[in-house]
Amino acid sequence: MVNISDVARAAGVSKATVSYVLSNDPRITEQTAKKVRKAVDDLGYTVNHAARALSAKETKTFGIVSPAVHGTYLSALFGLHVYLLSEHAARYGYDTLFIGSDDGAEAMRKAWASRKVDGFILMDVCDDDPRMRIAAKMGMPTVAFGSPKDSFGLDMVDSDFVKEAKSIIEFLVAEGHRETILVLWSQLIFKRRMGFALRFYDAIMESARNNDMTVHVVSPDDDDSDPSRIIEQSLESYPNATAMVLHNEPATIVAPQTFAQKGITVPDDLRVITVFPKQLGTPMKIPFASVQTDVGELTKAVIQLLMSRVANRDAPMEKLFFDFPLVAE
């Protein structure tokens, strides 16, 4: 029977390299991977995944940890992230286990103690997140999918909100806008100290101050507030504003209809810029200038980084921030 040593000899690599290729480890070059796959095909080698996982004491499962309940709008957007995480994990031979609990730290401890997963992906990451504390304390391979102020030594993946916010203000200044409305996520999200909301707000306000731009900040009370009404009220309150920035995905979805009902033409009457997932913006035909967040690219990076962390827990911490372009219509 052909074994992994036979494949390694035929490909001229180590057994460890063969194992990495069979696990679709992203660190292996395509040239090396092709040699190994050719040897596998030539020799007719097959992998017993169950036995392999058992011998390595691996579950080939990643836990996705998030609060159990999201607002009406957030649930749909959250689903996109979880779906793409699961899709990318499957491509690399991993299953995903959704761990929905308001006490995420305790749920992680139980899942880790019972060996249900090889590592964790933290969603809805906030500053001073207790889930990050327990992951760092117990040495759990973990990637924070977000922008916490302090990652406690854990790997992180997110958009580069600082660069994106700066690009938005520079774009508006170049067009001659001096007064804009900023529609943010809800006050509940800011009270929870969600990193993505805090980092973007801090960056865009600093950039606005540096460019002498007046920014009127609008933020709904909770996640289920009517975003259409929020937009209408902001336009009524600040009639001299010539631009609007939407860092609120539900507001972005309803904004085209809201503007149409009020007889506002974009961008002639009002320049609108949004930060919105590329995977939703294209099919929805969002008619605004947009920082097109590629959720597919982000989720792929999360899975690859967690795979690398599982393979080498002593590797230096990595922070991956993606600067997505501002695309004007």
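A residue counts as buried when its relative accessible area is under 20%, and by that cut-off Phe190, at 15% relative accessibility, is buried. The model described here is a predicted one. Its protein chain contains 14 helices and 12 strands, and its C-alpha atoms fill a box of roughly 75 × 40 × 35 Å along the principal axes.

**Overall composition and surface**

- When contacts in the protein chain between residues at least 6 apart in sequence are considered, 70% of them join residues that are at least 24 apart.
- The protein chain carries 36 positive and 43 negative side chains, and the centres of these two sets lie 9 Å apart.

**Nonpolar cores**

- The largest nonpolar core has 73 residues, and the members that touch the most other members are Ile121, Ile168, Phe200, Ile204, Met244 and Phe259.
- Helix H14, which spans residues 295–311, contributes the largest share of this core, namely 9 residues.
- Once neighbours within four places in sequence are left aside, Ile121 is in contact with Phe62, Gly63, Ile64, Val65, Leu85, Val143, Phe145, Val302, Ile303 and Leu306.
- Another core lies apart from the largest one and has 18 residues, among them Val65, Met108, Trp112 and Phe120.

**Aromatic pairs**

- The structure holds 8 aromatic pairs, one of which is formed by Phe161 and Phe200, whose ring centres are 6.4 Å apart and whose planes stand at 85°, so that the pair is edge-to-face.
- Because Phe161 belongs to helix H8 (residues 161–174) and Phe200 to helix H10 (residues 195–210), this pair ties together parts that are 39 residues apart in sequence.
- Both partners are buried, Phe161 with a relative accessibility of 8% and Phe200 with a relative accessible area of 0%.
- Phe190 and Tyr201 also form an edge-to-face aromatic pair, with 6.1 Å from centre to centre and 85° between the planes.
- Since Phe190 lies in helix H9 (residues 187–191) and Tyr201 in helix H10, the pair ties together parts that are 11 residues apart in sequence.
- Within this second pair, Phe190 is buried at 15% relative accessibility, whereas Tyr201, at 28% relative accessibility, counts as partly exposed.

Key: Residues are numbered from 1 along each chain as its sequence is written. This is a predicted model: local features need pLDDT of at least 70, side-chain atom pairs count only at pLDDT 80 or more; totals for chains, interfaces and linings use all residues. Side-chain values use heavy atoms; hydrogens and water are left out. Helices (H or I, at least four residues) and strands (E, at least two) are DSSP runs, numbered from the N terminus. Contact means heavy atoms within 4.5 Å. Lys and Arg count as positive and Asp and Glu as negative; His and the chain ends are not counted. The place of a charge is taken as NZ of Lys, CZ of Arg, CG of Asp or CD of Glu. A nonpolar core is a set of buried Ala, Val, Leu, Ile, Met, Phe, Trp, Tyr and Cys residues joined through side-chain atoms within 4.5 Å. Buried means under 20% relative accessible area, exposed over 50%, partly exposed in between (1.4 Å probe, protein chains only). Rings of Phe, Tyr and Trp (its six-membered ring) pair if their centres lie within 6.5 Å; planes under 30 degrees apart count as stacked, over 60 as edge-to-face and the rest as tilted.
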